[in-house]
Every structure is written in C-alpha cells, then in structure tokens.
Amino acid sequence: MSLPIILFFVCAALAVAGAIALIVAREPIHSALSLILVMVTLAVLYLLLGAEFIAAVQVIVYAGAVMVLFVFVIMLLNASAEVRTNWSKMAMYVGVPLGIFLLLEIAYWVWRSSVGPNVANGATAATGAFSTRALSMELFKHYLFPFEVTSILILIAILGALVLAKRSE
Amino acid sequence: MDFISEHAVLVVSLIKIAVLLFVVMTALAYLTWFERKVVARIQSRWGPYYVGAHGLLQPLADGLKFLFKEDVTPPASDRLVYTLAPFLALSLALTTLALIPFGPPDIQVFGQPVFVVADSSIGLLFLFAITSMGVYGVALAGWSSNSKYPLLGGLRSSAQMVSYEVSLTLSVVGVLLLAGSFSFNGIIEHQGGNILHWHVWPQIVGFLCYITAAIAETNRVPFDLPEAETELVAGFHTEYSSFKFAMFFMAEYANMITVSCLATILFFGGWLSPFPDSWTWQLFLPGVGLIALGLYCLYDTVKEMRGIAQLQFAVVTLLCFAGGAICLIPRVMPIAQGPFWFVTKVGLFIFFYVWIRGTLPRFRYDQLMSFGWKLLLPVSLANLVGTALVILLVKR
Amino acid sequence: MVPISYYLVLSGILFGLGVIGFVFKRNIITIFMAIELMLNAVNLAFVAFARAWNQLDGLIFVFFVIVVAAAEAAVGLAIAIVIAQNRRSLNVEDVNLLKF
C-alpha cells in the first residue's frame with residue numbers, strides 16, 4: 001500500500017463520486033461544481049502519471065476557464081432545478097440496466113487488456129521525457145501545423161460566440 | 001531522531017506548513033492594521049490609536065469581533081454553495097503561499113530546504129493554476145446569496161478577474177523567456193549578481209502590465225468597483241457576516257501578499273540582495289535595521305506613551321532588540337539575509353498597493369473592461385513578441 | 001507502482017457515467033457537462049497510454065483535445081443561450097418544433 005496507490009484510489013474515488021454527483025444533482029450549479037471536482041482530481045492523476053504540464057493546463061484552461069464559462073451561463077440563464085418526472089418504462093427497465101451493463105463491460109474488457117503489466121511511476125518521470133521542454137519541442141517541431149490550425153479554430157469560436165451573442169439582442 | 005531522518009520529507013514539511021500558516025495569518029492581521037494606518041496618514045488623520053499602543057491590538061479586537069458576531073444566512077440561499085464559497089476563496093489564497101521561496105534553497109535541515117514548502121520545477125505554472133481557480137470563490141458567493149447586489153457584484157468581479165488573468169499570465173511570459181525555467185528558484189538564480197541583473201530592467205513594460213493586472217486581479221482600488229461600498233453595497237460579500245466575511249477579507253489580503261511575493265520573485269530578484277555578494281557589510285543589515293527600529297520604539301516609549309500603552313510598546317521595543325541581537329549572531333547572519341531582503345521587498349510592494357488605494361479614484365466598470373481588453377492585453381502581447389524577437393536576434 | 005490498467009478502468013467508468021448523464025438528463029447545460037466529462041475520461045486514457053508506451057504524442061493529443069473542447073464549449077453555450085432565450089426554457093424536450 002504505497003503512497004502512489006493510496007493517492008490513486010483516493011483521487012479515483014473522488015472522481016467517480018463527482019461524476020455520480022453530476023448525474024444525480026438536481027441543481028445545475030451543483031453539477032458544475034461536481035464537474036470541477038472531477039477535473040481537479042484528474043489533474044492530480046495526471047501529476048501522478050508524470051504529465052506535469054498537462055496537469056497545469058487542465059486546471060488553468062479546463063477547470064479555471066471552461067467551467068467558469070459554464071458557471072456564468074448557468075447564472076445568466078438562471079437555470080433552476082430539473083423537474084423530476086417519472087421515467088418512461090423503456091428508460092427504467094431497459095435503459096438503466098443497459099447503462100450499468102455498459103459500464104461494467106468497459107471496465108471488464110479494460111481490465112483484461114494487455115496493458116496491465118506496465119507500471120507508472122510519476123515522481124521520477126517528471127524530469128525525464130515528459131518535461132515541459134520536451135513537450136514544447138515536440139509541439140513546435142512536429143505538430144506546428146495543427147497548433148496553428150488550432151489557433152485559427154479558437155479565433156472562429158470567438159467570432160461565432162460574438163455573432164451569436166449579438167443576434168440575441 | 002531516526003524517525004525524523006527517515007520520514008524527513010513528511011515531518012519537516014508539516015513543521016514548515018505550521019510555521020508558515022502561523023506567520024501568514026499574523027501577517028494578514030497586521031496587514032489590515034498597516035493599511036488602516038497608511039491610508040489614515042494619507043488622509044491626514046491618525047488611524048487606529050487607542051486599542052493597544054499605536055493601535056497594534058486593533059487586529060486582535062477586529063478578529064474577536066468577527067468571531068462573536070451573529071452568523072446570518074439568507075433564507076433562500078443555496079446552503080452548500082453559500083458555505084463553500086468563502087472556504088474555497090481562503091484555502092486557495094493560502095495554498096499559493098506554499099510555493100513561494102522565502103530564502104535560498106541551499107539552507108537545509110535534514111536534507112529538506114527550509115525556506116520553501118513545495119519547491120516545484122513548474123512552480124509558476126502551478127501558481128497560475130491555483131489563482132485561476134480563485135474566480136469561483138467570488139462567482140459562487142455572488143450567486144448563492146440569492147440577492148441583487150451580490151449577484152451583480154459577483155458577476156462583474158469574476159468577469160474582471162477572468163479578463164485580467166489573461167494579461168497577468170502574458171506579462172509574465174517575457175520573464176520566462178529570459179530565465180528559461182518555470183521554477184521560482186531558477187528564475188531567482190537567473191537574476192543573481194546585483195541589482196542591475198534583475199528582470200525589472202529588461203522587462204519594464206512587462207512589470208508595469210503585471211502590476212496593473214495584479215491590482216485588478218485582487219479586486220483592489222482602482223479596480224474595486226464590484227465590491228466598493230458606494231456602488232454595490234458591498235458587492236459579492238454583502239450577505240456574508242461574521243466569520244465567513246472575515247474569510248473573504250483574509251482571502252483578499254492573502255491574494256495581495258501572494259501577488260506581491262510573485263512580483264518580487266519574477267522582477268525584483270526574490271531573496272537576492274541588491275548589492276553584490278562581495279560587499280560583506282550587508283550581512284549586518286538585518287540586525288542593524290532591527291536595532292534601529294528598536295531604538296525608535298524606545299524613544300517613542302519613553303517620550304510619547306503613557307499608561308498601559310507604554311508597557312505594551314516597551315514589549316515591542318524589547319522584541320525589536322531581541323530580533324536584532326539574534327540577527328547579529330554570526331551563525332545566524334547569512335541565514336537571515338534571504339528572508340530579510342524578501343520581506344523588505346514584499347513590504348515595499350504592499351506599501352505601494354496601500355498607497356495606491358489611498359490615492360486613486362476607481363474605474364467605472366466599462367472603463368475597467370475596455371482598459372483590460374483593449375489596452376493591457378495588446379501591450380502584454382507586444383511585450384511578449386518584442387522580448388522573443390530581441391532574444392532571437394541577440395542569440396544569433 | 002500503479003498499473004496502467006487502473007487508470008484505464010477509471011477512464012472507462014467516467015466515460016460510462018458521462019454517457020448515462022448525456023442520455024438521461026434534460027437540461028441542455030447538464031448535457032454539455034456530461035460531454036465534457038466524456039472528454040475528460042478520454043484525456044485520462046490518452047495520458048495513461050502516453051505513460052505506458054513512453055511517447056509524448058499522447059500528451060500533445062490531450063493538449064489539442066483540451067483546446068478544442070474549450071472552443072466547442074464556448075460556441076455550444078452561445079447557441080444554448082440563444083435557443084433558451086427563444087424557447088424560454090432550458091429543457092431539451094421543449095425544442096421540439098420539428099417533431100411530427
């Protein structure tokens with residue numbers, strides 16, 4: 001029961017709890033908070049896997065900007081609690097069992113996959129091949145074109161959001 | 001001893017965290033005293049004077065008041081989020097202080113550096129990650145109070161924080177290009193030498209952008225419209241009382257301290273001294289400075305104070321002299337250098353913050369947002385591009 | 001230390017929960033959040049595989065997924081705001097003009 005395994009299980013439990021809270025919560029703001037919890041625990045897991053830059057990007061961009069956008073929209077639209085209606089018979093008797101079966105099947109086949117024997121040691125890997133320097137070398141040498149295209153994509157997204165926001169007035 | 005040396009990381013970290021928390025909470029309390037005194041002197045009045053000698057016990061009185069006030073919760077609010085928001089704000093504000101180095105990393109006990117709690121190779125990136133989460137404390141507080149003024153104040157304040165966060169991060173990238181490292185100790189060591197090697201000289205534009213964005217990010221005057229008393233009652237913390245309000249209050253001051261520490265580390269050499277290392281007389285500076293302060297307090301005790309205030313100030317004088325004497329012990333002299341310079345520089349920045357608060361009027365909200373997006377962001381970008389170009393041309 | 005399959009099982013569970021949220025929830029914003037949950041699960045799988053085979057490409061992929069998800073969230077939420085103001089409701093079942 002070494003420290004990495006304990007940390008993994010704590011983070012995994014928090015992530016799954018957050019995901020279940022996202023589905024079960026009645027108020028959208030509670031779902032948003034649970035999703036933020038999931039993202040932060042995933043950032044800790046990325047650290048455990050040695051991807052320090054990705055962990056920081058996850059918190060800064062995903063948890064710190066995208067989720068702020070979600071929270072703003074929820075506040076702006078004054079999203080209220082979902083009305084609890086009875087599920088249709090289809091959903092109750094076919095949907096839920098199939099959903100749980102999907103989960104278990106994914107877990108089972110992943111467990112039996114051949115990736116099992118590989119281990120990860122996050123602490124020593126941070127200074128090695130996954131450092132920020134190596135990542136940026138790779139990004140700006142081999143993946144320069146997708147990088148530039150992504151910046152144009154973000155520009156398109158900004159313009160689209162601006163146009164949509166204007167039209168609603 | 002064996003137990004300690006085996007689990008050195010854990011034990012030493014716990015002790016460092018405890019000491020840091022204690023020091024920071026005391027500093028927060030006395031920062032409120034400092035602010036009230038300085039703003040008062042700018043406005044030609046005395047400030048806190050009666051509660052303890054020179055008002056030094058005022059923070060204690062304020063803290064007790066906050067603890068004993070009735071905790072009123074608005075009835076229609078979202079209980080979970082309402083209670084979570086101040087905790088989130090304060091815990092995030094205090095977590096950033098774990099990354100900051102107060103002194104050189106080579107002073108160690110049991111193999112662990114004494115002056116920094118968490119020395120990370122991407123410390124700067126983590127610090128920005130934690131401060132970017134600080135928006136939630138404000139936004140959720142405004143939302144969960146279920147009332148007009150907090151909602152408006154919360155939305156405006158979080159929009160302001162998100163906008164100025166972009167300029168804040170961009171203005172720092174110039175320093176990163178120069179230093180070539182994300183870790184704080186790497187950035188500080190790149191500024192080694194003397195005052196002429198500090199990053200503020202080549203990056204003066206970046207520094208000005210950083211200071212402006214930092215004042216906006218911490219919601220201080222002149223960017224404090226969302227929480228100004230004459231504008232929105234009290235903004236996002238209108239509906240909070242007693243301890244939860246105290247937590248928001250402490251979170252704001254802790255953010256101020258963090259941003260000042262960051263400015264010191266990135267632009268002003270952190271714990272390095274402005275004089276070259278060969279000038280050994282600077283080793284006496286901490287001790288001599290504290291003894292000089294003690295002499296001034298002695299003069300004040302004898303000449304001005306009466307009654308119980310005289311007793312209290314005599315204690316302060318004794319503390320100053322004791323501190324000065326400790327700093328003059330030859331063993332302690334080199335160790336005291338790092339923290340002394342760091343605390344002096346951070347103190348100067350905080351004085352600058354408070355000075356601006358006492359002097360400038362505040363921006364209107366639309367002026368604030370257009371300034372952030374239309375002026376500060378292009379200037380930060382231009383600084384980044386210019387720095388990159390210069391480095392490229394010089395390297396050739 | 002921690003076998004890679006543990007990370008993949010967690011990724012699978014999170015993805016499955018995201019699918020359940022996407023299918024069963026009615027609020028458009030909650031559905032978007034379930035989509036983000038699925039994207040996060042996929043990111044975890046990418047990073048786990050990058051560690052397993054010691055290749056940086058997984059991390060680059062995660063970087064791009066995060067950026068594209070941010071852009072998609074911005075545009076998607078803008079569309080959701082316009083529709084919500086038009087139909088006066090955030091319930092996806094109320095956007096049913098094309099239903100026969």
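Predicted model: local features only at pLDDT ≥ 70, side-chain atom pairs only at ≥ 80, totals over all residues.
Axes here are lines fitted to C-alpha atoms, for helices over the stretch in contact, and angles run from 0 to 180 degrees between N-to-C directions.

**Who touches whom**

Start with the chains as neighbours. There are 2 pairs of chains in contact, and chains A and C share the most contacts. Chains B and C, on the other hand, do not touch, and their nearest C-alpha atoms sit 15 Å apart.

On the A–C side, 70 residues of chain A are in contact with 58 residues of chain C. Several elements of chain A each supply at least two residues to the side that touches chain C: α1 (3–24), α2 (28–48), α3 (52–77), α4 (89–111), β1 (119–120), α6 (132–141) and α7 (144–167). The largest share comes from α3(A), with 12 residues. Sorted by class, this side of chain A has 55 nonpolar, 12 polar and 3 charged residues.

Now for chain B and chain A. Here 17 residues of chain B are in contact with 15 residues of chain A. On the chain B side, the elements giving two or more residues are α5 (123–132), α6 (135–144) and α7 (148–179). Of these, α5(B) gives the most, with 5 residues. The side of chain B that touches chain A comes to 13 nonpolar, 3 polar and 1 charged residues.

Chain B has 14 helices and 2 strands, while chain C has 3 helices and 1 strand. In chain C the elements run β-α-α-α from the N terminus on.

How spread out is chain C? Its radius of gyration is 17 Å, well over the 13 Å that the globule rule gives for 100 residues, so chain C is more spread out than a compact globule. The C-alpha trace of chain C spans about 50 × 25 × 20 Å along its principal axes. Chain B is another story: for 396 residues a compact globule would have a radius of gyration near 21 Å, and the 22 Å of chain B agrees with that. Taken along the principal axes, the C-alpha atoms of chain B fill a box of roughly 70 × 60 × 50 Å.

Buried residues make up 42% of the 396 residues in chain B, and 55% of the 100 residues in chain C. Among contacts in chain B between residues at least 6 apart in sequence, 77% join residues at least 24 apart. For chain C, residues 24 or more positions apart account for 51% of the contacts with a separation of 6 or more.

**Helix α4 of chain B and its two partners**

Helix α4(B), residues 79–95, packs against α6(B), and its axis also comes within 8 Å of that of α10(B), residues 242–267. Here are the two pairs:

| Helix pair | Angle | Axis distance |
|---|---|---|
| α4(B) and α6(B) | about 160° | 8 Å |
| α4(B) and α10(B) | roughly 25° | within 8 Å |

Angles over 145 degrees count as roughly antiparallel and those under 35 as roughly parallel. That is why α4(B) and α6(B) are roughly antiparallel to each other, and why α4(B) and α10(B) are roughly parallel.

α4(B) passes α6(B) in a left-handed crossing. Among the residues making this contact are B:Val81, B:Tyr82, B:Leu84 and B:Leu88 of α4(B), and B:Tyr136, B:Leu140 and B:Trp143 of α6(B). By class the contact has 12 nonpolar, 2 polar and no charged residues.

The crossing of α4(B) with α10(B) is left-handed as well. The residues in that contact include B:Phe87, B:Leu90 and B:Leu94 of α4(B), plus B:Lys244, B:Met247, B:Phe248 and B:Asn255 of α10(B). The tally is 11 nonpolar, 2 polar and 1 charged residues. B:Pro86 and B:Ala89 of α4(B) are on the list for α6(B) and on the list for α10(B).

C:Val62 lies in helix α3 (residues 57–87) of chain C. Is C:Val62 buried or exposed? The cut-off for buried is 20 or more other C-beta atoms within 10 Å; C:Val62 has 25, so C:Val62 is buried.

Leaving aside residues up to four places away in sequence, C:Val62 touches A:Ile54, C:Asn43, C:Phe46 and C:Val47. C:Phe46 is 16 residues from C:Val62 in sequence, and the two are 6.6 Å apart in space, C-alpha to C-alpha.

Methods. Residues numbered from 1 in each chain as written. Chains lettered and ligands numbered in written order. Contact = placed C-beta atoms within 7 Å. Helix = DSSP H or I, 4+ residues; strand = E, 2+ residues; numbered from the N terminus. Nonpolar A, V, L, I, M, F, W, Y, C, P; charged D, E, K, R; others polar. Parallel < 35°, antiparallel > 145°, perpendicular 65-115°, else oblique. Left-handed = near helix turned anticlockwise from the far one by under 90°. Rg over C-alpha atoms; globule rule 2.2 N^0.38 Å. Buried ≥ 20, exposed ≤ 12 C-beta atoms within 10 Å, placed from the backbone.
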